[in-house]
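These notebook entries record what I looked up in one structure. I set them down in the order in which I followed them.

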Amino acid sequence: MANKSHFNAGHIAMNTLKKNGVAHSSQIETKMPEKTYHGLFTKDAVEFLKQMPDSSVQLVLIDPPYNIDLAHWDTFENYLDWAKQWLDEIYRILTDTGNCVIFGGFQYQDLKKGDLLEIMHYTRHNTDLRFTNLVIWYYKNGMSAHRFFANRHEEAIWLSKTKNYFFDLDSVRVPYDEESKKTALKDKRLLPESIEKGKNPTNVWEIGRLNGNSVERVGHPTQKPLELIRRFVKGLSYPGSLVLDFFGGSGTTGRICIEESRNSILVDNDPAMLDYFKKHRQSMNGNIFSAPYEIKVSPNLDEFLGIVKNEVEIEC
Ligand SMILES: C[S@@+](CC[C@H](N)C(=O)[O-])C[C@H]1O[C@@H](n2cnc3c(N)ncnc32)[C@H](O)[C@@H]1O
């Protein structure tokens, strides 16, 4: 039976535009910036957000405390009361093509503590953010269980400011293996040039969690894998645009922004972020395709945004 999504009006419209060689209105003409800038701020997230101007960020990518007592910063009396304060700022600071990714998990059993479900409910009913995708981050390594199915996923929600959100699917396509490529080429509903580019990674991503001895580790207790962050940064922002992570942790988002030629702002109220980020930079492979970059620790925010703005491309 055909997949219902093939009859979706948006899907048909996108294919028609593609066939006629017409760009979707969310498409942005991008070029490699000459240099990227990365601002590091040791500050409370909410305090920082209040200083951010309207429509200034292309991608907000955050991995907030999950409220599961993993560290001193991970326990809340009322999670949503706290989360509301930063959730309420996101729509305002995003550009019209802007996106927001929030990592989280669902709390099972009888905990009934605040979690990503409450964030989803709140953003749907109390903000103008649009819910675009739920991405399941699936991993094979994890704890065993005897009274329930062992958990092997976390989630990330992708929200956008408008219908005109930026999405560069081509940059995150995954190659077909030879066999499935042959089958796909016979499917009349698929465009041959899209098949050549690779397939949509879907909203279930299999990426291994970082083990204690993983080479990626820089010492932060809840560090995310590079490839997980890279897919969001590449797909939902463009070279020279500004990415903000106001729960910076070790600075994984900043590292990916350097490697993928985006500007970034990292905020964390723990100054240890600065040391973790140094370690990230030491272990970065010299990526010859990325633009040169500059790190600015606690810069004046307006001046920093002024520099970044000069590097951002003009939307068409
Ligand atoms: C889940 S970790 C982020 C890990 C990060 N994604 C990485 O890959 O390294 C969340 C971070 O939020 C920070 N944090 C907690 N509450 C904060 C607040 N109110 N303002 C700023 N940062 C905060 C913690 O210090 C912690 O480093």
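**Entry 1: Serine 250**

Leaving aside residues up to four places away in sequence, I found serine 250 touching Val218, His220, Gln223, Met273, Tyr276, Phe277 and His280. The model I am reading is a predicted one. I then looked at the side chain of serine 250 and noted a polar contact of 3.0 Å with the side chain of histidine 280. I located serine 250 in the loop between β7 (242-245) and α8 (252-259). Is serine 250 buried or exposed? Its relative accessible area is 3%, which lies under the 20% cut-off, so I recorded serine 250 as buried. I also checked one C-alpha separation: serine 250 and alanine 272 are 22 residues apart along the chain, and their C-alpha atoms are separated by 8.0 Å.

**Entry 2: The ligand**

Which residues come nearest to the ligand? I listed Asp44, Asp63, Ser250, Thr252 and Asp268, out of 20 residues around the ligand. By class, I counted the shell as six nonpolar, eight polar and six charged residues.

I next looked up individual polar distances to oxygen atoms of the ligand. For aspartate 268, a polar side-chain atom lies 2.7 Å from a ligand oxygen. For histidine 220, I read 2.9 Å between a polar side-chain atom and an oxygen atom of the ligand. For lysine 224, the atom concerned is a backbone N or O, and it lies 2.9 Å from an oxygen atom of the ligand. On its own the ligand has 610 Å² of accessible area, and the protein covers 96% of this.

**Entry 3: The chain as a whole**

I turned to the totals. I recorded 10 helices and nine strands in the protein chain. Of its 316 residues, 47% are buried. Among contacts with a separation of 6 or more, 74% are between residues 24 or more positions apart.

How many of the residues of helix α7 are buried? I found nine of the 11 residues in this helix (residues 226-236) to be buried, so α7 is largely enclosed by the rest of the structure. The buried residues of α7 include Arg230 and Arg231, as well as Leu226, Leu228, Ile229, Phe232 and Val233. Gly235 and Leu236 are also buried in α7.

In helix α4 (residues 116-126) I looked up threonine 123. Threonine 123 has 3% relative accessibility and counts as buried. A polar atom of the threonine 123 side chain lies 3.1 Å from the backbone oxygen of methionine 120. I recalled that an α-helix has 3.6 residues a turn, so residues three or four places apart point the same way. Beyond four places in sequence, threonine 123 touches Leu87, Leu129 and Leu159.

**Entry 4: Strand pairing**

I took strand β4 (residues 130-138) next and found it antiparallel to strand β5 (residues 153-160), with eight bridges between them. Isoleucine 136 has glutamate 155 in β5 as its bridge partner. β4 also pairs with strand β6 (residues 204-206), here in the parallel sense and over three bridges. Opposite tyrosine 138 I found glutamate 206 in β6.

Strand β2 (residues 57-62) is mostly covered, with six of its six residues buried. β2 runs parallel to strand β3 (residues 94-104), and five bridges join them. The partner of isoleucine 62 is isoleucine 102 in β3.

**Entry 5: Positive phi in one loop**

Most residues other than glycine have a negative phi. Asparagine 67 has a positive phi of about 70° and is not a glycine. Aspartate 69, also not a glycine, has a positive phi of about 60°. I placed asparagine 67 in the loop between β2 and α3 (79-93), and aspartate 69 lies in the loop between β2 and α3 as well.

Are these residues buried or exposed? Asparagine 67, at 1% relative accessibility, counts as buried. Aspartate 69 has a relative accessible area of 47% and is partly exposed.

Key: Residues are numbered from 1 along each chain as its sequence is written. This is a predicted model: local features need pLDDT of at least 70, side-chain atom pairs count only at pLDDT 80 or more; totals for chains, interfaces and linings use all residues. Side-chain values use heavy atoms; hydrogens and water are left out. Helices (H or I, at least four residues) and strands (E, at least two) are DSSP runs, numbered from the N terminus. Buried means under 20% relative accessible area, exposed over 50%, partly exposed in between (1.4 Å probe, protein chains only). Contact means heavy atoms within 4.5 Å. A residue is near a molecule or strand if one of its heavy atoms lies within 4 Å of it. A polar contact is a pair of N or O atoms within 3.5 Å; within protein, one must be able to donate a hydrogen and the other to accept it, and residues adjacent in sequence count only if both atoms are side-chain atoms. Accessible areas come from the Shrake-Rupley method with a 1.4 Å probe; for residues, only the protein chains shown count as cover. Ala, Val, Leu, Ile, Met, Phe, Trp, Tyr, Cys and Pro count as nonpolar, Asp, Glu, Lys and Arg as charged, and the others, Gly among them, as polar. Two strands pair if DSSP finds at least two bridges between them.
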